[in-house]
Amino acid sequence: MIGRIDVVLPAPDEEEGLGPALEAVLAARDGLLERHPELRCRVVVVLDACSDSSPEVARSWALAAGGSERDGPVIEVLEVPFGVVGRARAAGVERALDEADGAEPAAHWLCSTDADSEVPGSWLLDHLDAARGGALLALGRVLPAEHQLTAEARETWMREHGGTEERHVFGANLGVRADAYLATGGFPAERTGEDVALAEAVAAFVALADRPELVVELDTPPVVTSARMHGRAPGGFAGYLRTLVDRIPSEGLSSP
């Protein structure tokens with residue numbers, strides 16, 4: 001039985017998006033604990049080689065969120081010098097595991113999102129449902145911010161991501177049970193694709209047990225993420241959006 005859900009949120013120079021991202025995560029946390037007050041839930045913000053005011057934003061939100069004697073701070077701020085999203089996510093998970101107050105890995109669910117993204121209010125409840133249903137890995141949808149997309153680019157996105165023929169993996173909306181995370185080596189130290197690598201490792205892990213149902217794709221509201229075309233990770237989500245725009249004849253995205 002899941003008794004703890006922690007959120008890991010890497011923030012590499014995300015001063016503009018970090019506040020809204022944390023506001024959305026805290027709203028989802030409130031919704032989770034309102035329904036399940038017995039659970040524990042912490043948010044680990046990983047400030048990765050930041051040169052902007054992201055540290056000040058994170059600490060301000062952490063101070064406002066407070067904490068309790070039982071659970072410690074609601075938001076924990078971790079600073080790392082990597083400049084590598086895979087290492088940042090892994091460091092956040094390591095901190096969450098270290099601060100889990102003895103929670104068994106099989107009872108500990110880890111959620112990943114991004115500092116340029118806003119989760120829906122039901123996000124943590126959706127992941128809890130998947131976890132309590134026996135999943136080891138849950139893959140959720142994302143939707144690029146509507147105000148940064150033209151109608152044509154949005155239609156292209158929905159056409160390519162609205163079906164079930166192909167599995168899509170996004171670090172902005174991913175959950176994994178801690179025992180599966182540890183058994184498969186966790187997020188690799190990659191500048192991009194660390195989310196896909198983890199998902200593939202867990203999928204291979206459950207395939208050995210002939211239990212493909214342990215990897216689930218969430219049919220729940222998407223995480224809204226930035227549609228900027230110049231991201232922090234080379235070849236990452238922003239790079240994919242650039243290729244999407246290149247495939248349509250007219251300008252596909254507005255400037256962030």
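Predicted model: local features only at pLDDT ≥ 70, side-chain atom pairs only at ≥ 80, totals over all residues.
**Strand 6 and its two partners**
- Five of the five residues of strand 6 (residues 108-112) are buried, so this strand is largely enclosed by the rest of the structure.
- In a regular strand, side chains alternate between the two faces of the sheet.
- Here His108, Leu110 and Ser112 point one way from strand 6, while Trp109 and Cys111 point the other way, and all are buried.
- With strand 1 (residues 4-11), strand 6 pairs in the parallel sense over five bridges.
- With strand 10 (residues 174-177), strand 6 pairs in the antiparallel sense over four bridges.
- Cys111 of strand 6 stands opposite Val7, and its bridge partner in strand 10 is Gly175.
- Trp109, for its part, stands opposite Arg177 in strand 10.

**Arg4, a charged residue in strand 1**
- Arg4 has its place in strand 1, and its charged side chain makes a polar contact with the side chain of Asp6 at 2.8 Å.
- Is Arg4 buried or exposed? With 4% relative accessibility, Arg4 counts as buried, because the cut-off for buried is under 20%.
- Leaving aside residues up to four places away in sequence, Arg4 touches Leu39, Arg40, Arg42, Glu99, Ala100, Asp101, Ala103, Ala107, His108 and Trp109.
- Two of these names come back from strand 6: His108 and Trp109 point opposite ways from that strand, and Arg4 touches both.

- Eight of the 10 residues of helix 4 (residues 123-132) are buried, so the helix is largely enclosed by the rest of the structure.
- The buried residues in helix 4 are Trp123, Leu124, Leu125, Asp126, His127, Leu128, Ala130 and Ala131.
- Two packed helices are described by the angle between their axes and the distance between the axes.
- For helix 1 (residues 15-35) and helix 4, the axes come within 7 Å and cross at roughly 55°.
- Helix 1 and helix 4 are therefore oblique to each other.
- On the helix 1 side, the meeting residues are Ala28, Arg29, Gly31, Leu32 and Arg35; on the helix 4 side, they are Trp123, Leu124, Leu125 and Leu128.
- Six residues of this contact are nonpolar, one is polar and two are charged.
- After helix 4 comes Gly134, with a positive phi near 105°.

Methods:
Residues numbered from 1 in each chain as written. Heavy atoms only, no water. Buried < 20%, exposed > 50% of the residue type's maximum accessible area, 1.4 Å probe, protein only. Helix = DSSP H or I, 4+ residues; strand = E, 2+ residues; numbered from the N terminus. Axes fitted to C-alpha atoms, helices over the stretch in contact; angles between N-to-C directions. Parallel < 35°, antiparallel > 145°, perpendicular 65-115°, else oblique. Contact = heavy atoms within 4.5 Å. Pairing = 2+ DSSP bridges. Polar contact = N/O pair within 3.5 Å; in protein donor to acceptor, adjacent residues only side chain to side chain.
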